[in-house]
Amino acid sequence: GSLRTPRSASFHEAAKGLDGASPAVPDAMVAEYERVKRELEQMREMKAKYEELRSNHEKLKVENEEVRKIVGDMYVSVDEDKEITDKYKATYKEIVDSLAPGGGPPKTGELMPKLYDLMVRMNDEDIRKEYMVQMEIILNDDPSVSERVKGIAEGMSIKLGEMMDTPRHQRIAKLAKEEEDRKQAQRQQQQNQADAAKSKEREAAQRKRNGQAYDALEPAIRQGLGVKPL
C-alpha cells in the first residue's frame, strides 16, 4: 500500500523512506516548510476566533432585537448611545460657534429643539456630566465665554437638572407621548381647517342656489304683485 504520513509529522519525518533513512534535505527547504506550517496554523486560529466573534455578534443581534421588541423605542444600544452623544456634542458646538463674533446668524432657534431632543435620549451618566459642564460655564468667571453662551447654559442646566431626576426610559417615553400629542394636535388642526373650508364652500354654494332660486321666482312674484320688472 501507499505510505501515509500523519498531519503533525515534521518535514524530516515526512521525507523518510521505508527504511527510515532521511535523504539530504536543504535547510532552506526545511525552514520554508516550517514557516508555511506556522502560517497555516495561525490562519486556522484566526479563522476560529473570527467564527467565534461572528457567532457572538449574531447572538447579540438577536438578543438586542428581542429587547427592542419588549421595550420598543425606549431601548438604546451601546452604538446608538455613542451616536446620540456624538450628535449632541456636534449640535452644541454648532450652536456655540454661531454665537461667536463672525459666526453668522445665531442657530439657537433652529438647533435648540434638536439639542433638547438629544438630551432626553442621552444616558443618565452623560446627563450628569453635561449638567456639571453647564454649571461650570455659569459659575466660572471666564471672560472668553459670552453672555449669550452663559444664557444658554442657564437654560440647559435647568433642563438637565430636571432630567437627572428621571431615568432615561421614562424621559424617552415622555418624549414619545409629547411627540404623539403634537402630531395629534396637528392632525386635529388640519381637520378643523378642512372642515372650515368645506363649511365655507357649502355656505357659498347655498348662497348661489338661493340667488338662482330668487332670480327664477322674481318675475312670477312681480307679476303676481303687479310690479313691473326693473
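A nonpolar core is a set of buried Ala, Val, Leu, Ile, Met, Phe, Trp, Tyr and Cys residues linked through side-chain atoms within 4.5 Å. Buried means under 20% relative accessible area, exposed over 50%, and partly exposed in between (1.4 Å probe, protein chains only). The model is predicted: local features need pLDDT of at least 70, side-chain atom pairs count only at pLDDT 80 or more, and totals for chains, interfaces and linings use all residues. Residues are numbered from 1 along each chain as its sequence is written, and side-chain values use heavy atoms, with hydrogens and water left out.

**Exercise 1.** Find which members of the largest nonpolar core touch the most other members.

*Solution.* 
1. Take the 21 residues of the largest nonpolar core.
2. Tyr-88, Leu-115, Met-119 and Met-156 touch the most other members.
3. Helix 3 (78–99), helix 4, helix 5 (124–139) and helix 6 each supply at least two residues.

**Exercise 2.** List the contacts of Tyr-88 (heavy atoms within 4.5 Å), not counting residues up to four places away in sequence.

*Solution.* 
1. Check burial: Tyr-88 has 2% relative accessibility, so Tyr-88 counts as buried.
2. The contacts are Leu-115, Leu-118, Met-119, Met-122, Glu-130, Gln-134 and Met-156.

**Exercise 3.** Classify the aromatic pair of Tyr-88 and Tyr-92.

*Solution.* 
1. Apply the rule: rings of Phe, Tyr and Trp (its six-membered ring) pair if their centres lie within 6.5 Å; planes under 30 degrees apart are stacked, over 60 edge-to-face, the rest tilted.
2. The count comes to one aromatic pair.
3. Tyr-88 and Tyr-92 are 6.5 Å apart centre to centre, with 5 degrees between the planes: stacked.

How values were computed: Helices (H or I, at least four residues) and strands (E, at least two) are DSSP runs, numbered from the N terminus.
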